[in-house]
Amino acid sequence: MSLTIDAPARPESGGSATVPPERRRSHVGRERSRIVHYATWIVATVLVVGPLVPVVWASLWTVPLYDDGGSFTLRNYRDLLTDAAWWTAVRNTVGFAVLTTAGAVALGTLLAVLLRRVQMPGARLYRTLILGPVVLPGLPLMLGWIAMYSPAGYVTSWIDSNTPLPIFWNLYSVPGMALVAIGSLTPLMYMVVGSALSTLDSTLENAARVNGASPVRALFSVTVPMLRPGILNAGVITFALSLEVVGIPLLLGTSSNIDFISTYLVDNWSNEFPPRQGLVSAGAVVLLAVMTVLLVLRNRFAGDLARFTTTTGKPTASRPIAIGRLRWPMTVLVGGYFLITLVIPAIGLLLTAFTTVLTPYIDPWDVATLDNFSTVLDNPVFRRSIVNSLLIATIGGAITTLAITTIALVAHRSRFRYRRSLQYVTLYPRAIPGIVTGMAFFWSFVVIDPNGVVRSSLWGIGIAFAVRSLALGYSAFYPALAALGEDLERAARVSGADWLTAMRTILVRLLRPAMAVSYVLLFVALFADYDPALFMVSPGNEVIGLTMLNLWITGVAGPVAALGVVQLVVTAVVLGAARLVFGRISNG
Amino acid sequence: MAELSITSLGKSFGDVRALDDVSIVAEEGKLLTLLGPSGCGKSTTLWSVAGLHTPDTGAISIGDRVVYDAASGTEVPPEERQCGVVFQSYAIWPHMSVADNVGYPLKLRKVAKQQRRERVEEVLALVELDDLGGRYPHELSGGQQQRVALARALAYQPRLLLLDEPFSNLDAKLRERARDWLRDLQQRVGITTVFVTHDQDEALSMSDRVVVMNAGRVAQIGTPEEVYRDPADGFVADFVGSINLVPGEIVGHDGADIDFVVDGTREAIRVRVDGDVRLGPGRLGIRPETISIVGDIDQPGTVRGTALERRFLGDHYRQTIGIGDARVAVQTHLASIPDHPVLRLPDICKVFPASEPTAESSTNPNSLETT
């Protein structure tokens with residue numbers, strides 16, 4: 001073997017033709033990497049934390065920020081805390097949150113254990129079904145609940161007139177609203193507890209078995225107690241989500257004058273004259289403070305971001321437990337749960353969308369119609385809502401995905417001085433209630449954009465939605481990043497790539513599947529979101545969710561249900577297509 | 001000329017001194033090995049050279065260029081240091097073909113396409129992967145991936161080649177072949193190389209010079225022969241190769257000849273030692289292959305022991321002989337020995353202080369019990 005190769009090139013000896021102008025080239029690289037780091041940090045911080053500043057300011061100021069003058073005051077807080085209506089709203093909200101948390105966590109835990117750890121006919125189907133409410137927009141299904149179970153609803157009326165059974169529920173009450181919330185939050189709790197369940201070491205259960213415990217006993221004496229941290233985590237999440245909920249009290253509380261914190265704020269903002277914006281800002285600050293405390297608590301329980309890396313680990317090899325003949329009543333019970341919370345409301349939504357009037361006293365076939373859908377297509381508000389939501393979802397989703405990728409790379413793969421704070425900034429929107437986000441951006445645009453150009457355009461709402469979805473997209477994206485060894489980019493660095501080039505040519509390429517998954521999730525979330533728009537909407541920048549909410553309250557049921565069906569179908573098509581594409585990628 | 005010089009490098013993680021006053025010079029075209037147990041600071045040193053790790057104190061220069069100097073605040077980023085690095089994990093980029101992996105450093109240096117292709121072919125031929133340029137990493141064996149990593153590191157003719165335990169993912173047979181192959185290649189290319197390993201066989205067989213590190217410090221720098229034959233302290237003696245460290249006391253001396261009483265015995269053995277002699281407790285360092293079993297007790301440097309244990313190791317037997325409280329390993333070709341054999345110690349022994357760290361606390365499988 002007589003291979004020849006040049007000796008390593010020496011600058012002083014002239015070297016070979018392949019020696020590059022080292023120093024000049026990467027001096028530029030160092031600078032531009034630094035610029036990207038600082039730019040990312042500044043933009044992220046300004047967009048997440050920045051908008052909260054005007055809210056706090058507005059809450060401490062005598063006049064609205066769009067008026068001249070004014071001075072510092074604590075009066076807004078005094079007004080808020082001495083307002084009996086505020087305390088009623090707080091009581092309602094907390095009562096609702098406690099009921100919802102108890103119900104959703106109990107049901108979610110039970111379902112997680114039954115569907116994942118117990119041999120039961122149909123478990124596989126149930127596991128797929130339960131994902132539906134997590135990924136699909138919640139509002140249309142909620143409309144289905146109302147259509148079926150409200151006092152004048154189809155199921156309620158039918159039971160009332162055809163059976164001797166008493167109607168023990170009333171959706172237009174705090175416990176009734178909690179029922180609806182339990183229906184929509186249980187699947188999420190199933191996911192949270194389920195992921196805690198899958199990180200449990202199944203050998204612990206096996207150890208109980210070989211020591212003589214029966215399968216069911218092992219389940220309840222080892223597995224369920226070990227889940228306590230996961231259940232606690234799920235509980236804090238549910239409680240926090242229940243505090244900021246807007247849709248349910250707007251849909252169900254308005255008619256019986258049950259105010260929640262969120263509706264109290266919305267009412268004082270838009271239905272009072274003059275609007276009590278200082279007071280509302282003070283309420284928003286209080287709500288934000290409570291949510292922040294809850295997020296800190298949750299992180300204490302859940303161990304911060306690191307947990308996401310373990311929850312994506314391999315599925316446990318543990319075998320589901322056989323429960324003998326009990327499996328039949330169990331599967332019927334679980335089936336009943338899905339019938340009541342998913343199938344009947346879905347039918348309710350479809351019937352409302354495809355009929356002129358929905359009541360058990362008229363055969364739906366006699367009043368079947370497509371008019372509702374033609375209304376959706378003809379009415380400019382409906383049409384604009386669909387187009388706007390699609391624009392926000394497609395373009396906003398893409399921009400947010402790029403932003404999340406950049407932020408995650410700077411936060412985890414650079415030596416940037418403030419990289420740790422960047423991670424907290426990105427996760428903080430989880431603690432910011434949607435209506436507070438909306439108010440925050442409203443005030444920010446008032447301050448920096450007095451003419452309202454951005455605020456009245458779709459960009460205003462789009463940015464607010466995008467900021468709100470940062471934490472979700474980040475949580476979906478981070479595990480993929482954590483799974484990539486750092487040697488990959490180190491190898492690029494020592495090969496001569498500056499930080500930016502190493503990220504661009506190596507990591508971003510390898511992360512493309514994760515970016516695609518993030519994009520799909522963000523698309524779905526942005527397409528369904530509406531909370532922040534409550535304070536930002538104006539003719540021209542309507543979004544689907546808010547249009548549904550506003551028009552349902554005014555009594556327009558059919559076209560709103562039709563719009564809900566459109567929203568569900570678009571989401572389902574996007575998710576289905578993504579599944580097909582990614583399925584192919586992971587197979588090839 | 002020194003191609004790499006590391007001066008007084010220091011690094012702390014909290015209270016732990018990961019690097020403590022580490023100074024190393026690597027000569028041009030030579031292969032220098034950093035050898036030590038895991039956690040001794042060898043990889044930290046290597047990564048500091050590559051610029052992937054920032055030390056707290058000290059200085060590093062490559063050729064005539066200072067790449068790190070804590071005093072002046074100089075820190076050249078990794079992409080400007082011209083170090084080819086082979087990572088323990090290989091870090092082959094899975095989304096690029098073999099040729100793209102190897103060509104990446106050249107592309108960054110804006111080498112023209114034609115020239116780039118020629119150079120990639122040249123380097124792939126050098127690592128004997130001539131026909132595999134179009135393959136993707138997952139289609140390669142572990143040994144091939146390692147050679148791709150090496151080709152990539154050499155592609156742009158770096159000033160230094162840094163290897164971080166490159167053989168640890170290969171099986172034993174392959175590792176031995178890769179070792180000879182790499183040494184041969186390094187000598188042909190003539191590139192200054194720094195090699196990190198915890199495997200003493202690797203270090204001894206491949207290196208021009210070996211730096212033995214322990215607990216963040218340099219324990220000894222020397223040729224493989226020096227490090228093996230004349231270890232600076234008990235740690236080096238124990239970590240590099242096998243050695244008996246027999247505890248006892250020096251009760252008298254006459255020039256280089258000492259009278260050594262092994263703990264648990266009463267009679268002194270007279271041996272000649274290398275280095276300073278101080279009366280009092282100490283440990284006598286004797287390599288198992290330098291002890292012979294003889295018939296006659298009356299010669300100087302002999303001692304009678306008790307045969308305790310015999311192990312067959314293929315090309316030799318390892319006999320464990322009790323002398324007082326000590327268990328002494330002896331390498332011999334004799335299948336059977338008397339119950340109370342007479343051991344003849346080597347002409348020159350080494351004495352180490354009674355208490356100092358040995359490699360036993362770390363992870364040297366070759367370390368012998370000498371209690």
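In this predicted model, the buried residues of helix H24 of chain A are covered by elements from both chains, including helix H19 (380–413) and helix H25 (499–510) of chain A together with helix H1 (42–50), strand E7 (83–86), helix H2 (98–108) and helix H4 (142–154) of chain B.

**Helix H24 of chain A**

- Helix H24 spans residues 487–495 of chain A and is mostly covered, with 9 of its 9 residues buried.
- The buried residues of H24(A) carry side chains of several kinds, among them A:Asp487, A:Glu489, A:Arg490 and A:Arg493 as well as A:Leu488, A:Ala491 and A:Val494.
- Just after H24(A) comes A:Gly496, which takes a positive phi of about 120°.

- Leaving aside residues up to four places away in sequence, A:Leu251 touches A:Leu139, A:Met142, A:Leu143, A:Ile146, A:Tyr172, A:Leu549 and A:Trp552.

**Domain contact within chain A**

- The domain assignment of chain A gives two domains built from separate segments, with domain 1 covering 38–52 + 370–588 and domain 2 covering 74–194 + 231–315 + 326–361.
- The centres of these two domains of chain A, taken over C-alpha atoms, are separated by 23 Å, and the contact takes 48 residues from domain 1 and 37 residues from domain 2.
- About 3,700 Å² is buried between domain 1 and domain 2 of chain A, and carbon and sulfur atoms give 80% of that area.
- On the side of domain 1 of chain A, the residues that lose the most area to domain 2 are A:Arg430, A:Trp552 and A:Leu568, which together make up 15% of what that side buries.
- Across this interface of chain A the rule finds 1 salt bridge, and the count of residue pairs in polar contact, both at pLDDT 80 or more, is 6.
- Several helices of chain A each supply at least two residues of the side of domain 1 that touches domain 2, including H20 (419–427), H21 (434–448), H23 (458–482) and H27 (544–553), while H28(A) gives the most to that side, with 11 residues.
- A salt bridge joins A:Glu244 and A:Arg468, whose closest N and O atoms are 3.8 Å apart.

**Domain contact within chain B**

- Chain B is divided into domain 1 (2–234) and domain 2 (242–361), and the centres of the two, taken over C-alpha atoms, are separated by 39 Å.
- The contact in chain B takes 8 residues from domain 1 and 9 residues from domain 2, and the two domains bury about 680 Å² between them, 45% of it on carbon and sulfur atoms.
- B:Tyr228, B:Pro231 and B:Gly234 supply 67% of the area that domain 1 of chain B buries against domain 2, more than any other three residues.
- Between the two domains of chain B the count is 1 salt bridge, and the rule finds 4 residue pairs in polar contact, both at pLDDT 80 or more.
- B:Lys350 forms a salt bridge with B:Asp230, and the closest N and O atoms of this pair are 2.7 Å apart.

Technical notes:
Residues are numbered from 1 along each chain as its sequence is written. Chains are lettered from A and ligands numbered from 1 in the order in which they are written. This is a predicted model: local features need pLDDT of at least 70, side-chain atom pairs count only at pLDDT 80 or more; totals for chains, interfaces and linings use all residues. Side-chain values use heavy atoms; hydrogens and water are left out. Contact means heavy atoms within 4.5 Å. Domain bounds come from an automatic or database domain assignment. Buried area is the accessible area (1.4 Å probe) that two parts lose on being put together, summed over both. A salt bridge is a side-chain nitrogen of Lys or Arg within 4 Å of a carboxyl oxygen of Asp or Glu. A polar contact is a pair of N or O atoms within 3.5 Å; within protein, one must be able to donate a hydrogen and the other to accept it, and residues adjacent in sequence count only if both atoms are side-chain atoms. Helices (H or I, at least four residues) and strands (E, at least two) are DSSP runs, numbered from the N terminus. Buried means under 20% relative accessible area, exposed over 50%, partly exposed in between (1.4 Å probe, protein chains only).
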